[in-house]
Amino acid sequence: MKAAQIEAPGKVSVITVPDPTPGPRDVVVDVHACGLCGTDLHILQGEFAPTLPIVPGHEFAGEVVGIGSQVTELAVGDRVAVDPSLYCHECRYCRAGRNNLCERWAAIGVTVAGGAAEFAVAPVANCVKLPEHVDARDAALIEPLSCAVRGYDVLNSSTLGAEVLIYGSGTMGLMMLELAKRTGAASVDILDVNPERLATAQRLGVSRSAAGADELDRPQGWDFVIDATGNAAAIQDGIGRVAKGGTFLQFGVSDYATRAVIEPYRIYNQEITITGSMAVLHSFERAAALFATGVLDPAVFISDRLPLEQYPQAIDRFKAGQGRKIVVQP
């Protein structure tokens, strides 16, 4: 079968690899679509994946075409979205229900071969069956949506009438916008230096949009500030925009070397919370349910659909900040 492979830092190609074989509790998925993500860029630059080469792709969905000997929950022909998270279920964090912090954390497309291929293997426990009206080519959006749902779990944004500021109007920033609108926010503002992406945020009903926070003239700050960029300058600015008693959520994935400065007295005196959100935790099924209700419009969120053979070009386009969600379709 054909598969994309990150061979070494900065080097990616499409190669032929053996067809996958399922274990007793695995299924083989005929991949209909696989999304590109910032994590894939980190793997490409030599971060995150413990070893290379690796077949990337942790955002994917498709049709079950093979099942292991002990699989009874799914059948050939079922269409599924796949949660890429792989946990040990034995360490102190897994036993405490904090599986996303697993001491042996692993993931499909990060530590084992992923969905940027014609076929992929996944544990049956990681597969969520799709309802008939959901197109599997769109359902690659469920995994990033599940990360956004986890972000709102951490944010605990149940306060009605909150004022929200989001840095970045890429795929994840826009997903955070859509969820903020549904969690009782009084207003949701977005910042981005990319006018095309800001235009999409405006299309989705953002309250205000700008290239910088000063343009929004809100000296008292925002109740919830969310960084969806991973960019050091955005993070530094965002921490300073949190209102008294507010929360800053580090949602975007930064390079390992990224640093920001905090003001401990201000954090103490104004009771500011600074927190983070790591991947998926008890949120994949909820994201799938939300997706089935139409919480996201795939026509808005997916800007590019490219054949698997063009994976190197797709990742170059993503790296250049072009488009929104880019998916490859084997």
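1. Cys91 is buried in this predicted model, with a relative accessible area of 4%. Its nearest cysteine sulfur belongs to Cys94 and lies 3.8 Å away. A disulfide requires the two sulfur atoms to be within 2.5 Å, so Cys91 is in no disulfide.

2. Cys147 also counts as buried, at 13% relative accessibility. The nearest cysteine sulfur to that of Cys147 is the one of Cys37, 7.1 Å away, and Cys147 is in no disulfide. By the distance rule, the count for the model comes to 0 disulfides.

3. Helix α10 spans residues 311-319, and its buried residues include Tyr311, Ala314, Ile315 and Phe318. These residues lie on the same side of α10, because they cover an arc of only 95 degrees around the axis.

4. The cover over the buried residues of α10 comes from several elements. Among them are the strands β1 (2-8), β2 (11-16), β16 (302-307) and β17 (325-329), together with helix α1 (38-44). After α10 comes Gly321, with a positive phi near 75 degrees.

5. The second largest pocket has a volume of about 300 Å³. It is lined by 15 residues, of which Asp83, Ser85, Tyr87, Ala125 and Asn126 are the closest to its centre. Two elements, β6 (85-86) and α8 (284-292), each give two or more residues to this lining.

6. By residue class, the lining of the second largest pocket consists of 7 nonpolar, 6 polar and 2 charged residues. Asp83, one of the residues closest to the pocket centre, belongs to the charged class.

Technical notes: Residues numbered from 1 in each chain as written. Predicted model: local features only at pLDDT ≥ 70, side-chain atom pairs only at ≥ 80, totals over all residues. Heavy atoms only, no water. Buried < 20%, exposed > 50% of the residue type's maximum accessible area, 1.4 Å probe, protein only. Helix = DSSP H or I, 4+ residues; strand = E, 2+ residues; numbered from the N terminus. Arc of directions from axis to C-beta. Contact = heavy atoms within 4.5 Å. 1 Å grid on protein atoms, 1.4 Å probe; cavity = no way out; pocket = protein on both sides within 12 Å on 5 of 7 lines; lining within 4 Å. Points joined across faces, edges and corners; volume = space filled by probe spheres on them.
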